[in-house]
Amino acid sequence: MVKYELWDMVSYGHGEPLIPFTLIEKSDSFEKIYTQFNKLIKSQPCVILINEGKPKIYESPDGGKTIFERDFGNYDLKSRKRIK
(Lines give C-alpha, C1' and ligand atoms only; values in the text may rest on other atoms or scores of the structure.)
Protein backbone atom coordinates (compact mmCIF):
# COMPACT_ATOMS: atom_id res chain seq x y z
CA MET A 1 0.00 0.00 0.00
CA VAL A 2 1.27 3.46 -0.90
CA LYS A 3 1.72 5.93 1.90
CA TYR A 4 2.14 9.63 1.21
CA GLU A 5 4.04 11.74 3.72
CA LEU A 6 4.44 15.49 4.04
CA TRP A 7 7.72 16.66 5.59
CA ASP A 8 9.13 20.09 6.33
CA MET A 9 12.71 20.70 5.20
CA VAL A 10 15.86 22.25 6.63
CA SER A 11 19.37 23.02 5.46
CA TYR A 12 22.33 22.63 7.76
CA GLY A 13 24.35 25.43 6.22
CA HIS A 14 24.69 27.93 3.40
CA GLY A 15 24.83 26.12 0.08
CA GLU A 16 23.80 22.79 1.60
CA PRO A 17 20.76 21.03 0.12
CA LEU A 18 17.42 20.98 1.88
CA ILE A 19 16.63 17.66 3.55
CA PRO A 20 13.40 16.29 5.07
CA PHE A 21 13.34 17.01 8.80
CA THR A 22 9.95 16.65 10.51
CA LEU A 23 7.00 14.48 9.46
CA ILE A 24 3.94 16.73 9.29
CA GLU A 25 1.28 14.31 8.05
CA LYS A 26 0.91 10.78 6.61
CA SER A 27 -2.02 9.49 4.55
CA ASP A 28 -3.09 6.94 1.96
CA SER A 29 -4.74 9.83 0.09
CA PHE A 30 -2.47 11.81 -2.22
CA GLU A 31 -5.14 14.50 -2.56
CA LYS A 32 -5.15 15.09 1.20
CA ILE A 33 -1.36 15.40 1.36
CA TYR A 34 -1.18 17.52 -1.80
CA THR A 35 -3.81 19.95 -0.44
CA GLN A 36 -1.76 20.38 2.74
CA PHE A 37 1.45 20.74 0.67
CA ASN A 38 -0.10 23.58 -1.37
CA LYS A 39 -1.01 25.44 1.82
CA LEU A 40 2.40 25.03 3.48
CA ILE A 41 4.71 25.56 0.49
CA LYS A 42 3.77 29.26 0.42
CA SER A 43 5.37 29.84 3.81
CA GLN A 44 7.94 27.08 4.35
CA PRO A 45 9.91 24.53 2.34
CA CYS A 46 8.26 21.12 2.39
CA VAL A 47 8.18 17.92 0.34
CA ILE A 48 5.92 14.98 -0.35
CA LEU A 49 7.51 11.57 0.12
CA ILE A 50 5.94 8.55 -1.51
CA ASN A 51 6.75 5.24 0.16
CA GLU A 52 6.28 2.83 -2.71
CA GLY A 53 9.32 0.61 -3.05
CA LYS A 54 12.11 3.18 -3.17
CA PRO A 55 10.82 6.43 -1.62
CA LYS A 56 10.85 9.60 -3.73
CA ILE A 57 11.05 13.23 -2.70
CA TYR A 58 8.95 15.83 -4.51
CA GLU A 59 10.05 19.41 -3.91
CA SER A 60 9.31 22.85 -5.27
CA PRO A 61 11.85 25.65 -4.85
CA ASP A 62 9.43 28.25 -6.25
CA GLY A 63 6.27 27.75 -4.22
CA GLY A 64 4.64 25.09 -6.38
CA LYS A 65 5.24 26.45 -9.90
CA THR A 66 7.95 23.90 -10.69
CA ILE A 67 8.13 20.45 -9.09
CA PHE A 68 11.20 18.22 -9.02
CA GLU A 69 11.54 14.52 -8.12
CA ARG A 70 14.56 12.75 -6.62
CA ASP A 71 15.24 9.53 -4.74
CA PHE A 72 15.06 9.76 -0.96
CA GLY A 73 18.59 10.00 0.40
CA ASN A 74 19.99 11.47 -2.83
CA TYR A 75 20.97 15.06 -2.06
CA ASP A 76 22.60 15.78 -5.43
CA LEU A 77 20.34 18.48 -6.84
CA LYS A 78 21.77 17.95 -10.33
CA SER A 79 20.25 14.45 -10.43
CA ARG A 80 16.66 15.51 -9.72
CA LYS A 81 14.05 15.38 -12.51
CA ARG A 82 11.64 18.19 -13.32
CA ILE A 83 8.09 16.84 -13.42
CA LYS A 84 5.95 19.99 -13.59
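Q: What pattern does the protein chain follow along the sequence?
A: This is a predicted model. Read along the sequence, its protein chain runs β-β-α-β-β-β-β. That comes to one helix and six strands.

Q: Why is the protein chain called as compact as a globular protein of its length?
A: Its radius of gyration is 12 Å. The globule rule gives 12 Å for 84 residues. The two values are close, so the chain counts as compact as a globular protein of that length. Along the principal axes, the C-alpha atoms fill a box of roughly 35 × 30 × 25 Å.

Q: What share of the residues counts as buried?
A: Of the 84 residues, 33% count as buried. The cut-off is under 20% relative accessible area. The chain exposes about 5300 Å², and carbon and sulfur atoms supply 53% of that.

Q: Why is S27 called buried?
A: Its relative accessibility is 11%. Buried means under 20%. S27 is below that limit, so the label is buried. S27 is found in strand 2. Leaving out residues up to four places away in sequence, S27 touches K3, Y4, K32 and I33.

Q: Why is I24 called partly exposed?
A: I24 has 35% relative accessibility. Buried needs under 20% and exposed needs over 50%. The value of I24 lies in between, so I24 counts as partly exposed. Its place is in strand 2, residues 19-27.

Q: How do you know which residues I24 is in contact with, beyond its neighbours within four places in sequence?
A: Contact means heavy atoms within 4.5 Å. By that test, I24 is in contact with L6, W7, D8, L40 and Q44. The C-alpha atoms of I24 and D8 are separated by 6.9 Å, although the two are 16 residues apart along the chain.

Q: What makes up the largest nonpolar core?
A: Eleven residues: Y4, L6, I33, F37, L40, I41, C46, I48, I50, Y58 and I67. To belong, a residue must be buried and joined through side-chain atoms within 4.5 Å. Strand 1 (3-10), helix 1 (30-40) and strand 3 (46-51) each give two or more residues to this core. A second, separate core has five residues, including M9, V47, L49 and I57. Nonpolar side chains tend to be buried together in soluble globular proteins.

Q: What does I48 touch, not counting residues up to four places away in sequence?
A: I48 touches E5, L6, F30, I33, Y34, F37, K56, I57 and Y58.

Q: How far apart are the mean positions of the positive and negative charges?
A: They are 4 Å apart, for 14 positive and 12 negative charges.

Notes. Residues are numbered from 1 along each chain as its sequence is written. This is a predicted model: local features need pLDDT of at least 70, side-chain atom pairs count only at pLDDT 80 or more; totals for chains, interfaces and linings use all residues. Side-chain values use heavy atoms; hydrogens and water are left out. Buried means under 20% relative accessible area, exposed over 50%, partly exposed in between (1.4 Å probe, protein chains only). Helices (H or I, at least four residues) and strands (E, at least two) are DSSP runs, numbered from the N terminus. The radius of gyration is taken over C-alpha atoms; the globule rule is 2.2 Å times the number of residues to the power 0.38. Accessible areas come from the Shrake-Rupley method with a 1.4 Å probe; for residues, only the protein chains shown count as cover. Lys and Arg count as positive and Asp and Glu as negative; His and the chain ends are not counted. The place of a charge is taken as NZ of Lys, CZ of Arg, CG of Asp or CD of Glu.
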